[in-house]
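The entries below are in the order in which I looked things up.

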Amino acid sequence: MNPPVNDKEAIRLKYLAERDKRLRADGNQQYLEITGQFSHYLDDPYTPVVERAPKTDHVRFAFIGGGFAGLATGARLVEAGITDVRIIEKGGDFGGTWYWNRYPGAQCDTASMIYMPLLEETGHMPSEKYAHAPEILAHSQRIGRHYKLYDNALFHTQVSSLTWQDDDSCWRITTNRGDDFTAQYIGLGTGPLHIPKLPGIPGIESFRGHSFHTSRWDYAYTGGDPGGAPMTRLADKRVALIGTGATSVQCVPHLARSCQSLHVFQRTPSSIDIRNNAPIDPDWFASVATPGWQQRWLENFTANQAGGNAEVDLVQDGWTDLARRIREQIRKLPATERTVPNMLAAYEDADFAKMNEIRARVDEIVADPATADHLKAWYRQLCKRPCFHDAYLQAFNTPTVHLVDTDGKGVERITETGIVVGGTEYPVDCIIYASGFEVGTPLARRAGFDLVGRAGRKLSDHWAQGMRSKHGIHVHGFPNAFFVQPTQGANLISNVPHNLTEAARTIAVMVRHAIDHGHREIEVSESAETAWIDLLRNSPGRMTSSPDCTPGYYNNEGQDPGPAAKLNVGYPAGATAYFKYLDAWRASGLFEGLVFR
Ligand code: NDP
């Protein structure tokens, strides 16, 4: 029996009961690391590996990771006249997330006008409000070509060590392809979600049918292509999909059209809000894409999202809608009553309203009442990754599509021929794991290397009590190394590329400054790093990491992440304030807190 929509206390209790069902003692340990007998799940199905001679030279700037972080940094460096840039990437091309995630239906959830970096610089008009993966991959390649980043790139190459050479003020880099070269500067943009993980389901190794992870989609087996061509080879296949996160939501409608039968195994339903995608009209685009347009749009999105006071909402996507509703609810409070508890209560009211709407939408769309009930998310919207789709729920009305809800327990067992839930075996020919990516495992494990900085100090030791940096970019004891990622900076997770392009701009300005003034090293001072960390300790925690939320990677599977995680935050005054601060910091030319030698 579900609680009535206006009974807040009953809804709160339902949220807690659903969370409790899912809490597990093994937390993050429940997942399988893809090594040993599972290593083939990591093979690149998209690009053959090409033999090449190892590199033993020196470059001005080496960047680890060929996704948006590396592309944006490479682009800004080239714009600043620094062209000796080498990007090292484990995939067979640029694109990062969008290189690997080619599953059918893959699409960006943030509006492409702000999500796709360097649109103005490369002259590209996104084809849709929310671009699909092939267009984003092609855009990554466009950036690579536009800035001539292909010339010196190393693909299918994994860095094995990065060691600071004090005598020569440079980094020594070795890789799994026998490279052993040096770079004066390094950038790191390996991304937060790039190592696929498998669910630790008993018997997983015994399955004799076909199987793969969504980030290595096997089109040779399924037929079709990333553009959405029908997967004709599945017409006689019984397919199981494990997981119902953002990835699963996007590929289910495509599988539903193609398989003889599709069983979707669910542990926790996602919240599915309206997508409302549409093509971008070239005339409209021409009217808005006047000089400086993308920066204006980025700033407007962030102002609508995170601490700004934007008068208009240019972007109008799912994220700005979410923020607007919370703001409107808070604004209903008389000024004298805007206390923290009242504002939190207003936020909760906005959340109840939104989640009630999302649950009602399931009933409107899904014909079978029992299936509809299982597809309802009982937690606050930001407890898990919000999803937006206009064909996912509909797919469960297809007679060949079956939702197997595990009542929060997860799949019981995998056998040689199928999947067992609640004692029932579902025989299948193929298992597709939409089981997500490693989060919360040690950085050195996810990156594949540990940085060794000044005096042989390892980054893992420097960060043993939590991340320490200034701006999320500089780390004391690791000169000439720049981290390109959101944490300890803006931490704007609804549009990660904005964090990356701002960091990239900053790095290019600093390196240009060092070159122009004859400096060989850039390093944050110990006191400046400490001051930044002290500032971050005032950051309000994010609701997404609340232990009251249903478990998932947002909240360390519901377990206490320890004190170190308290530093995984952003600028206390919010993303808008951070970007303004950073702009002024770099424009001043003083680079307060850095030491140039
Ligand atoms: P997630 O980690 O979000 O989802 C993994 C799924 O596997 C969950 O539904 C999880 O259930 C389920 N699962 C894990 N173990 C078991 C088990 N033993 N039995 C049954 N089910 C199990 O991975 P995704 O790849 O979906 O998404 C990862 C992230 O990538 C997203 O959160 C998002 O940030 C990003 N992404 C962005 C997209 C975009 O912008 N458009 C599209 C796709 C992904 P449970 O929830 O209970 O843990």
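What follows are my notes, one topic per entry.

**Entry 1: ground rules.** I noted that this is a predicted model, in which local features need pLDDT of at least 70, side-chain atom pairs count only at pLDDT 80 or more, and totals for chains, interfaces and linings use all residues. Residues are numbered from 1 along each chain as its sequence is written, and side-chain values use heavy atoms, with hydrogens and water left out.

**Entry 2: Phe 61.** I found Phe 61 in strand E2, which covers residues 58-64. Helices (H or I, at least four residues) and strands (E, at least two) are DSSP runs, numbered from the N terminus.

I listed the contacts of Phe 61 next, leaving out its neighbours within four places in sequence; among them are Thr 73, Leu 77, Tyr 185, Phe 482, Ile 507 and Val 511. Contact means heavy atoms within 4.5 Å. Val 511 is 450 residues from Phe 61 along the chain, yet their C-alpha atoms are separated by 9.4 Å.

**Entry 3: the cores.** I looked up which residues touch the most other members of the largest nonpolar core. They are Phe 61, Trp 217, Leu 255, Leu 262 and Phe 482, in a core of 115 residues. Helix H17 (residues 496-516) gives the most to this core, with seven residues. A second, separate core has 24 residues, including Ile 64, Leu 188, Phe 449 and Met 467. A nonpolar core is a set of buried Ala, Val, Leu, Ile, Met, Phe, Trp, Tyr and Cys residues joined through side-chain atoms within 4.5 Å.

Not counting residues up to four places away in sequence, Phe 482 touches Phe 61, Ile 473, Met 510 and Ile 522, among others.

**Entry 4: His 498.** I placed His 498 in helix H17. His 498 counts as buried because its relative accessible area is 1%. Beyond four places in sequence, the contacts of His 498 are Gln 295, Leu 298, Glu 299, Thr 302, Leu 492 and Phe 579.

**Entry 5: the ligand.** I asked which residues come nearest to the ligand. Of the 26 residues around the ligand, these are Gln 107, Thr 247, Thr 268, Lys 384 and Tyr 553. A residue is near a molecule or strand if one of its heavy atoms lies within 4 Å of it. By class, this shell has twelve nonpolar, ten polar and four charged residues. Ala, Val, Leu, Ile, Met, Phe, Trp, Tyr, Cys and Pro count as nonpolar, Asp, Glu, Lys and Arg as charged, and the others, Gly among them, as polar. Helix H8 (residues 246-258) supplies the largest share of the shell, three residues.

A polar side-chain atom of Thr 247 lies 2.6 Å from one. For Asp 109, a polar backbone atom is 3.4 Å from a ligand oxygen. The protein covers 88% of the 910 Å² of accessible area that the ligand has on its own. Such areas come from the Shrake-Rupley method with a 1.4 Å probe; for residues, only the protein chains shown count as cover.

**Entry 6: Lys 90.** I found Lys 90 in the loop between strand E3 (85-88) and helix H3 (97-100). Lys 90 counts as partly exposed because its relative accessibility is 23%. The side chains of Lys 90 and His 194 are joined by a polar contact of 2.8 Å. A polar contact is a pair of N or O atoms within 3.5 Å; within protein, one must be able to donate a hydrogen and the other to accept it, and residues adjacent in sequence count only if both atoms are side-chain atoms.

**Entry 7: positive phi.** I noted two residues other than glycine. Lys 148 has a phi near 55°, and Ser 169 has a positive phi of about 50°. Lys 148 is exposed, at 60% relative accessibility, whereas Ser 169 is buried, at 6%.

Key
Buried means under 20% relative accessible area, exposed over 50%, partly exposed in between (1.4 Å probe, protein chains only).
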